[in-house]
Amino acid sequence: MTLDSSGALAPLDSDVLAKYRKISTATLATRLLAVGLRQQFLVGLSPVNTTLNGFVGEAFTMRFIPAREDIDTLESLHGPDNLQWQGVEALDEGQVLVIDSRSDISAASLGDMLVTRAMHKKAAAVVTDGAFRDGYVIKDIPIPTYSRAITATTRLSSFHVADLQVPIGCSGVAVYPGDLLVGDRDGVIVVPRYLAAEIVDECLEQEELEAYLHTRASRGEPLIGGLYPPSEKTKAEYLRWKLEQNGAHA
């Protein structure tokens, strides 16, 4: 893991991030399984704004614990120790606000005002394993947002923001600050930061192979017999096809 001179994580290479924008969560799940990580997909989360294709960004984490009536009051929103406000203001461009709501949808993780502020901070996305409020507004805000549900109940009813930028669990998956999150229309997956540059080219190649195989399957070819999963013969045919395509575009 690379740190800059201040001790902070050095940003991931922009070329690596650009490649991830061409890779689906399904492809990433398969490649992560190949290196021993069985479940990195945030099961149960869906996009609120369904008009957006997805996102790629580095995790900025926020951890909730149960609320307590003498601490989590309406007046506490105005206090200097409101970590939720501090967290949103601390977002850097391209980061993903990832909230550990303990998979609890009894109250909202946040609402349209904080999502709007995250958008203006140029965050890549906002992700929670809980619920949002103001879903009818959030669905039209042009920033990717993913949650388990929508509720009108304010965060203060159930949650206290305990920590920022610490390891969290989101939908049963460990997320460390700086991990790479990739979202698409299916959902969100977590790529451990140390693996991000290591597996990206393999993922991109698999994405291209899958697209080729899907084209053949769409023409009516049977999967059994070596089309899918691809046999060595099919892989060789793919490589020949790829060379032909590259030659045609040269």
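## Salt bridges and pockets

Arginine 63 is partly exposed, at a relative accessible area of 26%. Here buried means under 20% relative accessible area, exposed means over 50%, and partly exposed lies in between (1.4 Å probe, protein chains only). This is a predicted model, in which local features need pLDDT of at least 70 and side-chain atom pairs count only at pLDDT 80 or more, while totals for chains, interfaces and linings use all residues. Residues are numbered from 1 along each chain as its sequence is written, and side-chain values use heavy atoms, with hydrogens and water left out.

The side chain of arginine 63 meets that of aspartate 163 in a salt bridge (2.5 Å, N to O). Arginine 63 sits in strand β2 and aspartate 163 in strand β9 (residues 159–164), so the pair ties together parts 100 residues apart in sequence. Strands (E, at least two residues) and helices (H or I, at least four) are DSSP runs, numbered from the N terminus. Aspartate 163 is partly exposed too, at 25%.

A salt bridge is a side-chain nitrogen of Lys or Arg within 4 Å of a carboxyl oxygen of Asp or Glu. The structure holds 14 of them.

| Pair | N to O distance |
|---|---|
| Arginine 63 and aspartate 163 | 2.5 Å |
| Aspartate 140 and lysine 139 | 3.2 Å |
| Glutamate 208 and lysine 242 | 3.2 Å |

Glutamate 208 belongs to helix α6 (residues 193–218) and lysine 242 to helix α7 (residues 232–248), so this pair ties together parts 34 residues apart in sequence. Glutamate 208 is partly exposed at 35%, and lysine 242 is partly exposed at 23%. Aspartate 140 is exposed at 55%, whereas lysine 139 is partly exposed at 39%. Salt bridges also link Arg216, Arg219, Glu221, Lys233 and Glu237 in a network.

Now the pockets. On a 1 Å grid over the protein atoms alone, a pocket is an open set of points where a 1.4 Å probe fits, with protein on both sides within 12 Å along at least five of seven lines; lining residues have an atom within 4 Å of a point.

The largest pocket has a volume of about 350 Å³, the space filled by probe spheres set on the points, which are joined across faces, edges and corners. Its lining has 20 residues, and Pro11, Glu58, Glu93, Gly94 and Gln95 are the closest to the centre. Strand β2 (residues 55–66) gives the most to this lining, with 5 residues.

The second largest pocket holds about 210 Å³. It is lined by 15 residues, with Trp85, Gly111, Leu114, Arg133 and Thr154 nearest its centre.
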